[in-house]
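Biologist: Hello! I am new to this model and would like to learn how to read it, one feature at a time. Could you start with the strands?

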Amino acid sequence: MMYNAYSISNGKGTFMTKRKSRSNQGRFVPIFLLFLVALGLLIRNLIRGKEMSVLNPMGTIASEQLRLMSVSLGIMLILAVPALTILYFIAWKYRETNEKATYSPGQKHGKLFSVSLWLVPLTFVAILANLMWPSTHKLDPRKQISSNQKPITIQVVAMRWKWLFIYPEQHIVTVNYIQVPIDTPIKFELTADETPMSSFWIPNLGGQLYAMTGHVNQLNLMGTTIGDYIGKSAEINGAGFAGMKFTARVSSQTDFNNWVTGTQKSSNNFTIKDYTDLLVPSEYNKAMTYSTDESDIYSKVTDKYTKSHEHGE
Amino acid sequence: MKEFLLGKINMDSLPHEWFTFGGSLAFIGLGLFLVIVITRLKRWNWLWKEWITTVDPKKIGIMYFLVSGFMLVRGGLETLMIWLQQSFSVDKSHGFLTADHFQQIFTAHGNIMVFFVAMGFIFGLINYIVPLQIGARDLASPFLNTLGFWLFAAGAIMVSMFFLLGGQYAATGWLAVAPLSGKEFSPGVGVDYWIWSLQISGIGTTLGAINFVMTILKMRAPGMSLGKMPLFTWGAFCSMIMAVAVFPLLTATLFLMFFDRYLGAHFFTTVGGGDPMMYTNLIWMWGHPEVYILMLPCFGIFSEVVSTFSRKPIASYKSNVLGMIGVSTFALSVWLHHFFTMGAGADVNAFFGVMTMIIAIPTSALVFNWIATMYKGRINFSTPMLWFLGFIAVFSIGGMSGVLLAIPPADFQLHNSLFLVAHFHSMVIGGVLFGVFCGISYWFPKFTGLRLNERIGRYAFWFWTIGFCLSFIPMYILGLMGATRRLDHYDSSTGWRPLFIVMLVGGIVIAVGLALQIVQIIATFIQKNHLRDTTGDPWNARSLEWATASPPPFYNFTTIPEVSSIDAFWEMKHNGIPETKYQDIHIPKNTAAGFYISCFAFLVGFAFVWEIVWLAVVSIIGIIVVFIFRGFNDEPEYILTAREVQDLEEARTKKHLERTKLANDDDTEDMGVIDFIKIVISFAKDIVVNKRWRKW
């Protein structure tokens, strides 16, 4: 055992008594707190006037999601702030150099203590779960948004590395650009073609959903403020991933109607050949709008994968 | 013929870009440097006998630290490259990296930090400390342990190999999600390197974990029931059981991916009936528990450190153990929260959301228990305690953002954004890395017999903490601004750039912190007389690892201690130390089998990356042959007689008394950074002025 080699042990550990400079050990703490304040001010200045898209919802879903986040965060802070305060206070109060603080190493903690150790967080988690369960159902992406307006369907195909949008009722096709009327529910049907999993996300309007080959995921959103919002692929899908962005314009109903009729008259007609051209990987694509006479592009895209199950390759 | 011999290797595989060139130079340069130094010092024999073939878990622990420390520097350099790119690649400028290269860097960064830094440090600590804490002389299977380490090392080399040959790593994100990682979208060898570096080191982890579960279950000192085990051992136990449960999943998934890529199978392809979603599902079934495999031993470390530095037993041992068991149990059933956004129904999403939140209960119980332990204690703020106090703040922020991410509708807005990245860095840096640093500074006297330099250690802590805030607070904000992760380019109109620059500054501050830690270790060895730990118990500690010499002899304990309470060593100090009785000790013999098998395993991986069939076949046969030979080894142990033990102990006592005298004569203070720089300068001057370099 150790005591063959170590002749003496003072029971405290030499290290703890030897140091001289211990008295000013705490001097970093106020500096650190000052640093945090300065960092907060710096960040505030850096983001002033900038678009905080998640905190600045322009659609019903995004606002609901933000509200849910804020309420949950608030509930957590009710537990976390006092807990952290108490922790650092206790660490400070029972510091070794504080002779006045009581020291009771043999202190026994009762049953009540052990139970409350578990009950307190359990209560908070129960409250949060209770809030989360119904809102998850309410904000299920495939759930249609109730409104007086007739919903508009937009079929979305993720391609390397651009977004193709098909308006089946309006007979319009666009690339990297959508326009939708205000206060009208939009039903996005997401799929992908010859492209790894991509994630369709317009932060201002609401949360993301994956676009995958052979699947159709439904995402319902609704814009409530007129403006141009950035959409993107949130999931990495290859070299051109950073450039896979599009503009989502929420406009008034009349502007939307004008845009639709204008585009329908456009001589720029989208054919299957245009589609095959788009399948060739390309980066940082410009926005394009087309009229189209094809009515089954989207079903061809989805069939391409579901049918291959039967034939094999 | 050429294709048969060399597979896909051709002239293009040789380094020809600046980064592969630089990487290769560093790789070869480092290798040459080591070879020259070892040859000059005539240490080859020593290296082989004392390190490469060793079965001593303490030495293996040290080797884990060395590999992980080196990989930490490499992964850190990648961080700086990532943030440098993101600070400059705005509007018309596309930065100094191509998109593809950028994606390779963050993929390598993730793999290195998780597999070869965090995992390696955790395994190093478990190797060194667990046998000592349970009063064991060696492990259940010392051979499995060496094999585990050398497979880990082979994986670490594999992850750096692409510089030399192939020139590309996976550009897919650290988990290489399908179908992006399939042959269709990633035809190069990058993903193959990824598969085989993870496969080899992952199998090593499984073997190591099996060994430690067995060791903890079967090798404990008499009297140490499971309910009296030290908390770090408990954390390690929970973690290793999880590793045994989930690492085979990784192995299987990687094999399926390998079949897809190599044999043209259709498990995860978009066509031919493959299901990429299944890959996401499988990889996260392993990937989420993996994070907790890293976290649980750190909970154990913090529990011990809080109790030791407050000079109080842990407030509720039972709650602490239950908390760790609870975390490890629930952690197995939450993986789906990584893909709420893939389109599962509300019921499924909500269920996994609730499961995820439930983990917050045992975790909070642990934190409250630590608070209660400090209450009415006598708290000493040495560096291990500082790391704990830093951990609590960062971990709470990370925990709260984690609960936010567990709410599916909120996750739709936060997933894949930098908010998510900031969240898991809070957990892995604030939780795991701070835990590892806490553990290393706590047990450094155990490893070396020297206390770490406190002064520089404290600077390092503050640099890490400040650097962390600078890097990751802006990152949370960026996520809320809609910035997605892994962007190699963005528009300045988003207003993200200033925040990216703040992050880069934070990265540099962390780099200074890391450099200070290296300086701290060197400075400690420079002042080794002053920092010599003469008592063997520098922290007034409570558990058995302190009941033997520092560093411990290769047989750990001369007498196996009897245990009657949770704080076994504390009891011993207060109730008297049992007398030493010398006895014969069984010592496992060194073996090179683990090293050979790992060399062959490396070659198998290499052969499959480059599709060299003959090499793969030969190497697999090689593995089998070594295993068979090892199986015929009838005498894996030898006996150290009581007489020899006594001689060794007496020699050590004598040496220690000499060192104690030197230490008592030395009344210097811990040196600071400026002292260190002065010493380095005078050392350099001495070499140049006195032409000392000529001697070499």
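Modeller: Gladly, and please keep in mind that this is a predicted model. As a general idea, sheet strands pair through backbone hydrogen bonds, in a parallel or an antiparallel way. Here, E5(A) and strand E8 (residues 217-221) of chain A are joined by five bridges and run antiparallel. To find the pairing by eye, look for Glu189(A), which stands opposite Gln218(A) in E8(A).

Biologist: How many bridges join strand E1 (residues 152-159) of chain A to E5(A), and do they run parallel or antiparallel?

Modeller: Seven bridges link E1(A) with E5(A), and the two strands run parallel.

Biologist: Why is E5(A) described as largely enclosed by the rest of the structure?

Modeller: Strand E5 spans residues 186-192 of chain A, and five of its seven residues are buried, so the rest of the structure largely encloses E5(A).

Biologist: What is the order of the strands in the open sheet of chain A?

Modeller: Five strands make up that open sheet, in the order E4-E10-E9-E6-E7 of chain A, and their pairing is mixed. Strand E4 (177-181) and strand E7 (206-211) of chain A are at the edges with a single partner strand each, so each has one side without a neighbour in the sheet. On average, and ignoring direction, neighbouring strands of this sheet are turned by 20° against each other.

Biologist: Which way do strand E6 (residues 198-202) and strand E9 (residues 227-233) of chain A run, parallel or antiparallel?

Modeller: E6(A) and E9(A) are antiparallel, with two bridges between them. Phe200(A) stands opposite Ser233(A) in E9(A). A helix also packs on this sheet: helix H5 (residues 253-265) of chain A touches E4 and strand E10 (245-251) of chain A, and the direction of H5(A) makes about 135° with that of E4(A).

Biologist: Now for helix pairs. At what angle do helix H8 (residues 231-263) of chain B and H10(B) pack?

Modeller: Their angle is about 15°, and their axes are 10 Å apart. Angles under 35 degrees count as roughly parallel, and that makes H8(B) roughly parallel to H10(B). The crossing of the pair is right-handed. Among the residues that meet are Trp234(B) and Ile241(B) in H8(B), with Val321(B) and Met324(B) in H10(B). By class, the contact of H8(B) with H10(B) has eight nonpolar, three polar and no charged residues.

Biologist: And what about helix H3 (residues 60-93) of chain A with H12(B): how are they placed?

Modeller: H3(A) and H12(B) pack at about 170°, with 10 Å between their axes. They are therefore roughly antiparallel to each other, and their crossing is right-handed. The contact includes Met69(A), Leu73(A) and Leu84(A) of H3(A), and Ile392(B), Met400(B) and Val403(B) of H12(B). Its residues divide into 13 nonpolar, two polar and no charged.

Methods
Residues numbered from 1 in each chain as written. Chains lettered and ligands numbered in written order. Predicted model: local features only at pLDDT ≥ 70, side-chain atom pairs only at ≥ 80, totals over all residues. Buried ≥ 20, exposed ≤ 12 C-beta atoms within 10 Å, placed from the backbone. Helix = DSSP H or I, 4+ residues; strand = E, 2+ residues; numbered from the N terminus. Pairing = 2+ DSSP bridges. Axes fitted to C-alpha atoms, helices over the stretch in contact; angles between N-to-C directions. Parallel < 35°, antiparallel > 145°, perpendicular 65-115°, else oblique. Left-handed = near helix turned anticlockwise from the far one by under 90°. Contact = placed C-beta atoms within 7 Å. Nonpolar A, V, L, I, M, F, W, Y, C, P; charged D, E, K, R; others polar.
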